[in-house]
Amino acid sequence: MSSCGIQWPQIILFGDSITQGSFDKGGWGGAIANRLVRRCDLLNRGLSGYNTKWALNVLPKIITQPTNQATIAAVAVFFGANDSTLKDVNPVQHIPLTEYTENLKRIIQYLKSIGVCEEKVIMITPPPLDESAWEKACITKGGKLDRCNSVTKQYAEACVKVATEYGTDVLDLWTLMQMENRDFASYLLDGLHLSEEGSKFLETHLWPLLEKKIERLPMILPHWSNIDQLNPEASLLV
C-alpha cells in the first residue's frame, strides 16, 4: 500500500462567534459536518468577537496556500455581526460600512490569490437582530444596546453587493429570516446568536450551496461491502 496519506478535501468556515459556536449542540456547523462524512473535512475557523479588519490580519495564517487546488472545496465567509455595532456605543468592534465592504473584497481577493476561486466561496450575511432580546443581554453584562437591525441591514446589503460583484455565492440570511414578515425571534438565542432553530434554518439554506461544490467528490475509501474479503489490501489501495 502507498505510504502517502489520504488527503481529505476541506470546507472551511471563516467567521465570528456565530461560526465559532456552530459545533455546539444543535449547531449548523456540526450538522453540515455530518453531511460531509467520508467526503470532506469541515474546519471551524470561527473567531468570537472578530470583525473583518481583524479577520483580514489573521486570514493568511488561517487559510494558507493549499498543496493543490483540489484541497479546499469551499470557504464560507460569515462576518458582519460585529462590524455593524454602533460606533458611539461599541467603537472597538465597529467597522465603517465602506471599510467593511472593502474588507470583504480583500478576503475574496486573498482566497483567489491562493487558488480558491470565486466559485468556491460562499458569502453569508449577518442574521437580523432582535433588538429587544439583545438589549436585555447587553444590560445583563453591564452595557447597553450596541446594535440595531436597520444598521445590520446595511451591512447585509453590502455583503450581497460584494458577492454579486465578485461572482461568489451568497446566503442572505438577513433577508431570508424575515421573509413574509416572519417572526425571526425564535431563530436567535439572545437576539444575536443563533438558536437551534436558527442553526437548522441556516443549515437548510447553506447545504444546497455547498452540495453544488462537492457533488462530484467521491466517498473516501470503498464502502465496506465493496472490499474483497480475500484480498482487502488490493481493495483498499488508493
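Is N51 buried or exposed? In this predicted model, N51 is buried, because its relative accessible area is 1%, and a residue counts as buried when that value is under 20%. The residue sits in the loop that runs between strand β2 (41-46) and helix α3 (52-62). When residues up to four places away in sequence are not counted, N51 touches F79, N82, D83, V92, Q93 and I95. The chain also brings N51 and Y100 to a C-alpha to C-alpha distance of 8.5 Å, although 49 residues separate the two in sequence.

Y100 takes part in the packing of two helices, for the contact between α4 and α6 is made on the α4 side by L97, Y100, T101, L104, K105, I108 and Q109, and on the α6 side by Q154, Y155, A158, C159, V162, E165 and Y166. Helix α4 (residues 97-113) and helix α6 (residues 149-166) pack with their axes 10 Å apart and at an angle of about 35 degrees, and the crossing by which α4 passes α6 is right-handed. Sorted by class, the residues of this contact comprise 9 nonpolar, 3 polar and 2 charged. The C-alpha atom of R106 is separated by 7.7 Å from that of L56, a residue 50 places away along the chain.

A second pair of helices is formed by α2 (residues 28-35) and α8 (residues 196-214), whose axes come within 9 Å and cross at roughly 40 degrees. This angle makes α2 oblique to α8, and the crossing of the two is right-handed. Helix α2 contributes W28, A31, I32 and R35 to the contact, while α8 contributes S199, L202, E203, L206, W207 and L210. Of the residues in this contact, 7 are nonpolar, 1 is polar and 2 are charged.

For L210, leaving aside neighbours within four places in sequence, the residues in contact are I11, I32, A74 and I122.

Most residues other than glycine have a negative phi. R38, however, has a positive phi near 75 degrees, although it is not a glycine, and this residue is placed in the loop between α2 and β2. With a relative accessible area of 31%, R38 is partly exposed. E180, likewise not a glycine, has a positive phi of about 55 degrees and is found in the loop between α7 and α8. At a relative accessibility of 73%, E180 counts as exposed, because that value is over 50%.

How values were computed:
Residues are numbered from 1 along each chain as its sequence is written. This is a predicted model: local features need pLDDT of at least 70, side-chain atom pairs count only at pLDDT 80 or more; totals for chains, interfaces and linings use all residues. Side-chain values use heavy atoms; hydrogens and water are left out. Axes are lines fitted to C-alpha atoms, for helices over the stretch in contact, and angles run from 0 to 180 degrees between N-to-C directions. Helices (H or I, at least four residues) and strands (E, at least two) are DSSP runs, numbered from the N terminus. Angles under 35 degrees count as roughly parallel, over 145 as roughly antiparallel, 65 to 115 as roughly perpendicular and the rest as oblique. A crossing is left-handed if the near helix is turned anticlockwise from the far one by less than a right angle, and right-handed if clockwise. Contact means heavy atoms within 4.5 Å. Ala, Val, Leu, Ile, Met, Phe, Trp, Tyr, Cys and Pro count as nonpolar, Asp, Glu, Lys and Arg as charged, and the others, Gly among them, as polar. Buried means under 20% relative accessible area, exposed over 50%, partly exposed in between (1.4 Å probe, protein chains only).
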